[in-house]
Amino acid sequence: MPTDQALIDLLISEFQTQNLGSMTSAAMNDRYEAFIWLLAIRAARQEGATVSLQNVGGLPATSPVLRTSPGVIYSLNQNYTHAVIAFPGKPELEAHLGVQIDAKSGVAHEADVAVLDRAEAILCRENSVNPRYFSALIIAECKYYSTPLPLGLSRNFIGLSREMRALDCFFVANQDSTNVSKVLAYDRSHFRTLVLPSTSPAENLLHQFRAKYNHFKALY
Amino acid sequence: MAQIDVEDVIRRLSDALTASGFGWLVQEVSSAVQEGRRQEKIKVKRPRGRPAGSSTADEVPISRQSAEYTRTIPYSPSEQLVLLTNAVLGLFDDSASMNAILVGEFGTIAFQPERNTPEGEGFVLDKSSVDVHLQAKERVDGLIKKLCEEAHP
């Protein structure tokens, strides 16, 4: 049987395996945000929408190019991709990753995942300005952690949801924490923890997103 | 294995992770350890009688003899090892499952920073990265399991 040092040495060689895709903290968060973005797209499809991918120039995108850092919706630095969500007979929507949104205070905040009114998004790209908070249908704050969630995340989220419309904001995380959940529940925030592929919390979040789309469809 | 050995395994595993570019994971675990395992509620009884130094004139009636307080429970060394090994397992497990679902939906996905900087390089997920990742995950699962058995025979 190998000693524990031999096992650790073997682990080191595994950590250094090539072609894993990046495994930094930032890259794990990027993957996680993309996964939640995908849930927002799937929820729209399940509610009857047609979803297509477009790049910032408005052309169809086959393989998405997604942000690793927050940016502005009108950025031309990379050919970033967003999803166009079309419900029959309703105003179109767009699902974005990591774009800034002007909040109630007039200060722009990053939304990890944002579903916005498409007319507003087009206007913003044409005029190089940020979309406004009331044009958002869904704003998801996504947190990927390898340990129980630190308490500070709940305080930050409550601050963000005060700046936007609270009913549009979702706190989504792969981990759990009794204290974070307590603080968010006390604040009546929308939150869903332990959200990972093929889990019931992911299904529950998908249903929460579907409820938002359903509400949107009823309004128009 | 004695408690000191568990702490030694934690230290050596943390050093190995840091040397392999996973210092952020070690830091995250360290922060979680500092924050404590959980908070528990306990009832604290008030002492009987007036507080020392108070007179009968300024005495405020006390309606309850006990009150509920919270205290933070720290992680034991064994729990810290579990936290660290679970963090490694979860990292490989989660990245493998997220890669698989994203590549399954979109084929190839490029993650690009606004501008290429040494701190923030982009990366690409495709079919080959999913396969390599799944194999690495299986091997890491086995190694961590053996390591935990060594630490807790």
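Two strands count as paired here if DSSP finds at least two bridges between them. Helices (H or I, at least four residues) and strands (E, at least two) are DSSP runs, numbered from the N terminus. In that sense A:L66 has B:F111, in strand 3 of chain B, as its bridge partner.

The model is a predicted one, in which local features need pLDDT of at least 70 and side-chain atom pairs count only at pLDDT 80 or more, while totals for chains, interfaces and linings use all residues. Residues are numbered from 1 along each chain as its sequence is written, and chains are lettered from A and ligands numbered from 1 in the order in which they are written.

**Confidence**

The predictor assigns the complex an ipTM of 0.92 and a pTM of 0.89. The pLDDT is the predictor's confidence in each residue, from 0 to 100. Its average over chain B is 83, and 81% of the residues there score at least 70. Within chain B, strand 1 (residues 38-45) has the lowest confidence, with a mean of 81, and strand 3 has the highest, at 94. Where pLDDT is low, the predicted coordinates should not be read in detail.

**The interface and the shared sheet**

Contact between two residues means that their C-beta atoms, placed from the backbone, lie within 7 Å. By this criterion, 49 residues of chain A are in contact with 54 residues of chain B. On the side of chain A that touches chain B, two or more residues each come from helix 1 (4-15), helix 2 (25-46), strand 2 (65-67) and helix 5 (178-186) of chain A. Helix 2 of chain A gives the largest share, 10 residues. This side of chain A is made up of 24 nonpolar, 21 polar and four charged residues. For these classes, Ala, Val, Leu, Ile, Met, Phe, Trp, Tyr, Cys and Pro count as nonpolar, Asp, Glu, Lys and Arg as charged, and the others, Gly among them, as polar.

Strand 2 of chain A runs parallel to strand 3 (residues 109-112) of chain B, and three bridges join them. Strand 3 of chain B is also joined to strand 4 of chain B by three bridges, in this case antiparallel.

**Chain B**

Chain B contains four helices and four strands, which follow each other from the N terminus as α-α-β-β-α-β-β-α. A residue is buried if 20 or more other C-beta atoms lie within 10 Å of its own, exposed if 12 or fewer, and partly exposed in between, with C-beta atoms placed from the backbone. Of the 153 residues in chain B, 29% are buried. Among the contacts in chain B with a separation of 6 or more, 70% are between residues 24 or more positions apart.

**Strands 4 to 6 and helix 3 of chain A**

Strand 4 (93-102) and strand 5 (108-117) of chain A form part of the cover over the buried residues of helix 3 of chain A. The two strands make a hairpin with five residues between them, and A:G106 in the turn has a positive phi of about 95°. Strand 5 of chain A pairs with strand 6 of chain A as well.

| Strand pair | Bridges | Direction |
|---|---|---|
| Strand 4 and strand 5 of chain A | nine bridges | antiparallel |
| Strand 5 and strand 6 (residues 136-143) of chain A | four bridges | antiparallel |

A:Q100 stands opposite A:E110 in strand 5 of chain A, and A:V113 has A:A140 in strand 6 of chain A as its bridge partner.

In helix 3 (residues 118-127) of chain A, the buried residues are A:A121, A:C124 and A:R125. They lie on the same side of helix 3 of chain A because they cover an arc of only 100° around the axis, the arc being that of the directions from the helix axis to the C-beta atoms. On the other side of this helix, A:E126 and A:N127 are exposed. A:S128, with a positive phi near 50°, follows helix 3 of chain A.
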